[in-house]
Amino acid sequence: MTRSWLLAGFALLSAVQGLNYYVSPQGSDSNSGTIASPFLTLTKAQAADSGTSGYPVVWKALGSNALISGGLKLTGWTLNSTTGIYSTTVPVGTQSRNLYVGGSAAQYARAFLDKSKFGFTNTSITWTDSAYDWLATLPGIGNAEIRSMNSFTDRYAPIKSSTTGALIMDQPSWIWNYLGYDAFSNPWGNSGFWIQNAPSLLTEGSEFFLDPSAGKIYYMPLPGQDMATIDTYLGILEAIVAVGGTYDAPAHDVTFQGLNFAHTTWNLVTTQGYCDQQTGGFLRNFNLTYPIFEASRPYWDQMPSGIQISAAYNIAFTGGKYTQLGAGGFGIGNDPFSHAAGIGYGAENISVLDGYFTQVMGNSLTLGGIQANGHHPTDPRMINSRITVSGNIFYNTSALFSSTVPIFSTYIQYSTISNNDLSHIPYSGICHGYGWGANDQGGSPEYATRGLYNYQPLYTMPTTSLSNVVSGNLIHHFGLAHQDLGGIYTLSKSPSTIIRDNYDYSSTWFGLYTDEGSNSLTILDNMFFPAPARWFNPNQRTGLNTGNNTLKNNFAAVGSDYVNTPNGTGQFGNTFESNYVVRDAVTNAAVTGQRTAYRAGVLPGRRAGRPVSNPALADAYIAVIFPSNIATDLIRVNITNFDDVPLTAVSFQTSIPSNYALTPVSVPQSIPANSFAIATWKITGNTCTAPVFAVNVTYTNSRLSKQGSLRSNTTLPGIVTGATTQGWTTSSSWPALFGATCHTVGISTSGRDLWKPYDDWGAIYTPALISTSGHFSVYVNSQDSIGDPWTRSGVVVRNSLASNTRSTGYATLLVTAGQGVVFSWDSSGDGIRAPLFLKLTVNGSAVVGAYSYDEVNWKQAGNATLYARAATLDAGMIHTSHTAFTNSTAIFSRFNPSNA
């Protein structure tokens, strides 16, 4: 049997069998709770179910407008035509820090201050610039506060009074905002500095001031806001829903479906300030004396949330909207202070699915606690586990506590954060872990030096953080207001935790930031494209315990490759394999990376009707796979479908030169969802020329109601691939295929560039061809056009062209697809169109590059001196596509080597 409470006045209806109760703003608690005679309050509906414990409970909305509000709706606004300020009345004594107008948080009445003009002592903020003398006589100064947005903190400090040249700050809030890291007195960055919450500061649109003693609130509207019609709410409650019991009798089996929650506040900041320690952790004033800052760390609290879950299991929230919440959105298994019932932790099998979050002032979701029982619980029933956050959209969150994030998990286990869409974020996107490694088994040498373990245990057992999954999330336009952050940001050790298939982009900060103590993480198959910032920032040095992480098959736009250190052989025990920088285009990544980018965020099949923020990306990928021998093997075209529906009405149009023939062998008419299919043809005909194979594929994506197309026009490197003739040697620093016909050789490869910081190529050459002097020339017959003007092919001399070498003594003369002929050489040891002839001539350490259209009249392209030239030079042909993972082919003939 299932019990349900349903809000009938908001058009809510049960979709389950069982006893249903209905609630409506037009109802009465003396009614029977039927749809015709609904209750007025949720409390009454809950009480009506007493005596029937043990059955699942569902709170369900019919439609999308069911709102559970913790606010006071404001009407009757009156305009002061002189000031342009509107006002209305509220009950005398009303306390709130949050006014919501038209669905967005209003800002406090405030004035920007130039922080460089102020000094800081342990009692005061001082100034000598007379331009700020107005602060000394500011009306209402005793209710005002200072806000400072720093590098990774956003701090609020109440003002006690003012005098000439100084604001006297309220204690003990000020002393703890004055000390510590990224504090008022020594910030690591400056993103803004204001005085706020005084009536005379109300001068700009979307600012407000509440006068509790007079029972009035004042607001200056933005242009176009009509105060007679726009919805305005004052946040009153600090928590709307609290789901919890005790560890002996936890709450369980409750589901909330399609409900909207809004209009909370958090008033503690008014009296105690906000001594921010990053992502919603803060130092609360216990009136304790901390001899050093580290002594306070074990006592940090967490910002409370509007929806609180602790000592509970099998709790689900699906759909709905979470907005205009004055502190956090969800607090799941947080420390006791953050829960109205005073019981924290103990959250198991909790899910938040398919919701929409915007205008949440703090963390939209905080999973886990930060105090001792959060990471080393004294009762195993306190452990937070099996929490699922999936399919949610977060837009423009962390509106007033800007150093918070959409999703923050501390010490949880066996939990999943997947397929969420996060955008327009002031700080990091997803944060996993807390404690900076100080609470991990064996502690942190860094924090031993700081003296932390004089005030808390040095733990001999691991924390509860393990076996979590962060996958398939879309994160972009993050770091809009702070510094020292990442799209995905980690702290501390979490064995068997996997971060995979995420796509982040568009930020001036890091794609992946493994900060202090990040350890035992596995990071796979992600797309980190936060250009212009570098993709990876490991904060690792002796004493921090950051390391022992595995990064494989990640793609990035900016930064360095991390490759070829398997099995923990990298610095600090890290494993790095196949992590490549492919510049700024998603299409430069391999098919696996492009699939990750397309599918990140809300899964494609669940995006309809939702305000997702996915960029426009191709829904499919084409790859041509050459036969190893035209006489016996097939040419294959692999079509990969990234979407959640099959691609239908698939049609292949192919062409090949007239001296060859194509016979279809297997040609699919559909491509399975999130999978691939292969079409094959047999090639017959003349074997003395390399055939150009062109294929155009059209298809229908029914989910998008559109027709798509894919095209490839590529040259087979030879009739027999994987081998060449005439005694050549082949090598590559990037996957390459080589081939030969009667008169030509070919190189098919992708690669990013032939020049620093990359060195990606395929080469056909003669080892040690040139001793003291000599030359090598070749005719570049053709070069596939793949849309990159820097695709390049030509001649090369180098001390060594053996595979995966990075030797000096290096010069190339290359014809490009759209940038003419380019002569390049290694000057310090770091690193026109075909058809035409190219030649490099060597004399001692001097090298000259020249090109010709007829092999008679040569035009010099450049000359140079080879750095660290060896006694002999390899010489031959070289090619790169300049597009990382998109192949192109270059065909060469009329080879003319010389050692003279």
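These legends describe close-up views of a predicted model.

**View 1**
D421 is buried, yet has no salt bridge. The nearest side chain of opposite charge belongs to R607, 6.9 Å away. A salt bridge would need a nitrogen of Lys or Arg within 4 Å of a carboxyl oxygen. The D421 side chain does make a polar contact, at 2.6 Å, with the side chain of S613. Beyond four places in sequence, the contacts of D421 include N392, I393 and F394. Among the others are L474, G601, V602, V612 and N614.

**View 2. The aromatic pair Y274 and F282**.
The model has 59 aromatic pairs. In this one, the ring centres of Y274 and F282 are 5.6 Å apart. Their planes meet at 40 degrees, so the pair is tilted. Both Y274 and F282 are buried.

**View 3. The aromatic pair F837 and W858**.
Here the ring centres lie 6.5 Å apart, with planes at 70 degrees, so the pair is edge-to-face. F837 is in strand β69 (residues 836-843), and W858 is in the loop between β70 (846-852) and β71 (859-865), so the pair ties together parts 21 residues apart in sequence. F837 is buried, with a relative accessible area of 2%. W858 is partly exposed, at 27%.

**View 4. An aromatic cluster that includes F394**.
W59, F256, F261, F317, Y322, F330, F357 and F394 form one cluster. F394 is also in contact with D421.

**View 5. Arginines over aromatic rings**.
The charged end of R110 sits over the ring of W194, 4.3 Å from its centre. R386 lies over the face of Y414, at 5.1 Å from the ring centre.

Conventions
Residues numbered from 1 in each chain as written. Predicted model: local features only at pLDDT ≥ 70, side-chain atom pairs only at ≥ 80, totals over all residues. Heavy atoms only, no water. Buried < 20%, exposed > 50% of the residue type's maximum accessible area, 1.4 Å probe, protein only. Lys, Arg positive; Asp, Glu negative; His and termini not counted. Polar contact = N/O pair within 3.5 Å; in protein donor to acceptor, adjacent residues only side chain to side chain. Contact = heavy atoms within 4.5 Å. Phe/Tyr/Trp six-rings, centres within 6.5 Å; stacked < 30°, edge-to-face > 60°. Helix = DSSP H or I, 4+ residues; strand = E, 2+ residues; numbered from the N terminus. Lys NZ or Arg CZ within 6 Å of the ring centre and 35° of its normal.
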